[in-house]
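Here is a short report on one protein chain and its ligand. Look at the structure first, then read on.

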Amino acid sequence: IGRTKIVDLFKREDFGAVVNVKGWVRTRRGSKQVNFIALNDGSTINNVQVVVDLANFDEEMLKLITTGACLSVNGVMVESVGSGQKVEIQAREIEVLGVCDNTYPLQKKGHSMEFLREIAHLRPRTNTFGAVFRIRHNMAIAIHKFFHDKGFFYFHTPLITASDCEGAGQMFQVTTMNLYDLKKNEAGSIIYDDDFFGKQASLTVSGQLEGELAATALGSIYTFGPTFRAENSNTPRHLAEFWMIEPEVAFNDILDNMDLAEEFIKYCVKWALDNCADDVKFLNDMFDKELIERLQGVLKDDFVRLSYTDGIKILEDAVAKGHKFEFPVYWGVDLASEHERYLVEEHFKRPVILTDYPKEIKAFYMKMNDDNKTVRAMDVLFPKIGEIIGGSERESDYNKLVARIEELHIPMKDMWWYLDTRKFGTCPHSGFGLGFERLLLFVTGMSNIRDVIPFPRTPRNAEF
Ligand code: ATP
Ligand code: MG
Ligand code: MG
Ligand code: MG
């Protein structure tokens, strides 16, 4: 008989059928006559209960059924009263596919997130990470579905690039290591070329510039891929390797861009509530009792739209009334997440889209406002997270863009391929970047960004 996934087993009602399930033992308990094994196969947060009449099985085999062992069970599907599920299995045959020796890091109270990050094999098999990774998958599907249904094209931008899109100098340099052509110094040590076959290249910090080329040809595109930033700091919201979703749309202005961002995030949050109910509920009950309420809250209200200048006024008022921030507040400052969270959590109690930032704290490609001081930027700020999206209307005027590039001393010769979009049939266009893991932080309620990605990359962590 073929294997039935546990998630599918719970949907069946043909009680009396003989089924096969395979999975890992979560717990084993019971008496001298009957044992109950909770088996999980990763397809759902829920375990299936396997009832074992000990008299019918070989004693040596039974000894191998320990927490963490991998089993294949044939048995009869019966209606369950006590297991919390509708279905349980009366075991007929049990095969131990993989034993689990006594060095297995047994769960006593529940492991800390920090501890689990050190145990590569155990982490994805815990309920918590099973839930998080199933939600992660679902969010990826939701994102593609949202844009596909809107007629956007999924566009692939390169991971190796020569451009520093954000101009923040947070890039990882690419070096060449050709194993068949290794150069060695006199001492015999390998000499690596510290460039890309004789030219400088880095890992991408954003696919936006390439995405703009696509949008000004195909109309509406989005990227969804890994990006890399040399963030040599340890915050709960920054990774050195993270995934970004970057829609870019021709003929959209900043207001269209805000509408798209709001509709998009709400779609993803709703998808999680509708399609990941068991996993979201588990995380809600386990870690964050307000998670479901917070997710539903985001769907309810319009996001607040507010200029940076008005945002600063609110923060300055708060300071005047005695609120203590770690970092100073004044017009021109790049907001820290404590400021962003204050606006969202304390002041408005709703997500906020902050617009029209001072040009000095934003990248070169944003459209200048008439005041010549602010640009058409928009950051979407979320409870618990702070900045979840950064976007803008792009400067589409060739001369203004060149002037800005010169002002910032960005080497012009590297930018010709991008500037050509403004030279030949330029058009207004807008876009934004959503950090996938920031979205997942919000949707899962996890508090550290390391715990929403299978293999977190942070300073000095690259092994697994
Ligand atoms: P922050 O102010 O939090 O450092 P940023 O302004 O540098 O973010 P952008 O360049 O605007 O980030 O990138 C777009 C989005 O990508 C951000 O809104 C955020 O969601 C996400 N993001 C940026 N840096 C990181 C990172 N190091 N790890 C995870 N997500 C990130
Ligand atoms: Mg940053
Ligand atoms: Mg920022
Ligand atoms: Mg930003």
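In this predicted model, helices α4 and α7 are oblique to each other, because their axes cross at roughly 135°, an angle between 115 and 145 degrees. The two axes come within 9 Å. The crossing is left-handed.

Which residues make the contact of α4 with α7? From α4 come Asn 127, Thr 128, Ala 131, Arg 134 and Ile 135. They meet Asp 279, Phe 282, Leu 283 and Met 286 in α7. By class, the residues of this contact are five nonpolar, two polar and two charged.

Now the ligand. Ligand 1 has 17 residues around it. His 238, Phe 242, Gly 390, Gly 433 and Gly 435 come nearest. The shell holds six nonpolar, four polar and seven charged residues. Which element gives the most to the shell? That is β16, with four residues. The table lists the elements that each supply at least two residues of the shell.

| Element | Residues |
|---|---|
| β12 | 241–250 |
| β16 | 386–393 |
| β17 | 429–435 |
| α13 | 436–444 |

The domain assignment gives domain 1 as 6–98 and domain 2 as 123–170 + 205–451. Their centres, taken over C-alpha atoms, are separated by 45 Å. Five residues of domain 1 are in contact with seven residues of domain 2. On the domain 1 side, the touching residues are two nonpolar, three polar and no charged.

Key:
Residues numbered from 1 in each chain as written. Chains lettered and ligands numbered in written order. Predicted model: local features only at pLDDT ≥ 70, side-chain atom pairs only at ≥ 80, totals over all residues. Near = placed C-beta within 6 Å. Nonpolar A, V, L, I, M, F, W, Y, C, P; charged D, E, K, R; others polar. Axes fitted to C-alpha atoms, helices over the stretch in contact; angles between N-to-C directions. Parallel < 35°, antiparallel > 145°, perpendicular 65-115°, else oblique. Left-handed = near helix turned anticlockwise from the far one by under 90°. Contact = placed C-beta atoms within 7 Å. Domains from an automatic or database assignment.
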